[in-house]
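Student: I've got a structure to go through with you. Can we take it one piece at a time?

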Amino acid sequence: MSKLLVLNAGSSSLKFKVFGLQPFAAGIGGMFDRIGDGANCTLKASAPPHAAGAQGRKWEQKCFAKDHVSAMQNILDFIKDNVSGAFVREVVAVGHRIVHGLDISEPVLLNDKTIDQIRAAAVLAPLHNPPGLQGIEAAAKVFQGVPQVAVFDTAFHQSMPPHAFMYGLPYELYEQHRIRRYGFHGTSHKYLVEQAAVMLGKPVSETNVITCHLGNGSSISAVRGGRCVDTSMGMTPLEGLLMGTRCGDLDPAVVLFMQKQLNLSVKDTDTLLNKKSGLLGLTGSNDLRSVLAGAAAGEPRAALGLAMFVYRVRKYIGAYMAALEGQVDAVVFSAGIGENSPAVRALILEPLRGMGLDLDAAANEAVLRGHRGDIGAPSSRARLLVVPTDEELCIAEQTLQVVGFKPSEQPTAQ
Ligand code: ADP
């Protein structure tokens with residue numbers, strides 16, 4: 001039975017998902033966490049409800065892995081024990097999520113040249129691309145001769161026009177150092193656009209949407225005719241919305257001021273802006289559930305953090321309605337917050353009635369975790385949709401396209 005493996009490597013984690021190809025269906029998936037932390041590593045996995053022999057089963061076990069290669073070996077042993085003893089021989093392709101692809105606009109088959117391109121892009125994504133390369137190396141050791149494909153977070157946003165992707169800096173910085181806006185979460189935004197088109201009953205090429213991926217990391221995209229025309233993240237994932245631990249949009253002079261006044265090094269500044277800011281810096285928690293609970297209990301900082309998060313999402317939706325010249329078919333909500341919090345969706349959308357986005361309060365409350373739905377009132381000028389994102393499925397589909405493997409049936413999402 002042919003299978004596809006999707007890998008998503010972080011600095012100390014390796015997420016995986018197995019897809020069966022006859023028929024095409026999501027199978028077991030999970031995450032190896034705390035790589036390099038001795039015997040504290042954990043492997044968590046779950047099987048989807050339809051998985052033969054393992055319906056809805058969940059696993060959690062302590063493991064040991066000194067690096068991504070040994071994490072990979074642990075994952076394979078786990079899959080061999082719980083899914084298929086012949087797994088390594090069954091895998092026909094491996095798809096990797098790679099964060100930064102510079103100006104690459106399509107998924108690529110991995111070879112020496114494309115691996116060098118990923119290495120080159122690490123200059124702009126020093127935290128993200130090196131683990132991706134480790135994931136590639138780990139898979140290459142095990143699946144020798146099996147085609148591997150890289151799917152880039154930045155690729156979907158390559159259609160942005162220069163007036164959206166350029167910064168107002170000296171042009172030479174773009175030419176010599178590739179300093180420009182790239183955007184991230186592209187796999188998710190692409191998936192959301194495609195699913196929105198299905199829900200709207202329109203071809204993707206005629207669909208204009210604003211996609212809101214609201215999770216620990218958050219970004220919004222404006223998409224015209226299925227192609228991204230603007231997105232809130234920039235050269236790195238730091239720009240744009242207020243996030244769990246990232247500050248989002250900020251006057252760059254604040255950075256200069258902090259470096260001077262607080263004597264911060266480049267590394268300290270990076271940590272402050274990426275890891276200690278956002279909801280965490282403002283409220284003490286990067287988890288929006290805690291922020292919501294704090295705000296409900298009357299904690300002023302939690303209320304402030306919540307109000308800032310919501311306000312900035314709303315501001316971007318307004319800006320992107322302008323970017324799309326008012327021709328918006330739908331605003332789509334997704335990821336941890338967008339999928340699971342009717343309260344936050346309502347806080348964002350209620351004040352936008354004046355712009356023709358009419359929320360149906362009852363429909364909003366009714367769309368719960370893991371489900372898609374339309375939460376707009378019939379009077380709404382654009383549909384308001386909730387779509388659970390599925391980046392692994394999107395990576396799997398793109399990987400199969402690159403290697404030219406046709407699965408026997410339509411995908412069954414987990
Ligand atoms: P990432 O993939 O970027 O790590 P997720 O998409 O998993 O993040 O989203 C995590 C965020 O979703 C956290 O802030 C979490 O609090 C929030 N979240 C999850 N469930 C809920 C919920 N029921 N209500 C509000 N926020 C939620």
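Student: How far is an oxygen atom of the ligand from a polar backbone atom of Gly217?
Tutor: The distance is 3.2 Å. A polar contact here is a pair of N or O atoms within 3.5 Å. This is a predicted model: local features need pLDDT of at least 70, side-chain atom pairs count only at pLDDT 80 or more, and totals for chains, interfaces and linings use all residues. Residues are numbered from 1 along each chain as its sequence is written, and side-chain values use heavy atoms, with hydrogens and water left out.

Student: And what about Asn216 and Gly336?
Tutor: For Asn216, a polar backbone atom is 3.0 Å from a ligand oxygen. For Gly336, a backbone N or O atom lies 2.9 Å from a ligand oxygen.

Student: How much of the ligand's accessible area does the protein cover?
Tutor: It covers 68% of the 580 Å² that the ligand has on its own. Those areas come from the Shrake-Rupley method with a 1.4 Å probe.

Student: Which element gives the most to the shell?
Tutor: H13 does, with 4 residues.

Student: New topic. Where is Val204?
Tutor: Val204 sits in the loop between helix H7 (186–200) and strand S9 (209–214). Helices (H or I, at least four residues) and strands (E, at least two) are DSSP runs, numbered from the N terminus.

Student: Why does Val204 count as partly exposed?
Tutor: Because its relative accessibility is 32%. Buried means under 20% relative accessible area, exposed over 50%, and partly exposed in between (1.4 Å probe, protein chains only).

Notes
Polar contact = N/O pair within 3.5 Å; in protein donor to acceptor, adjacent residues only side chain to side chain.
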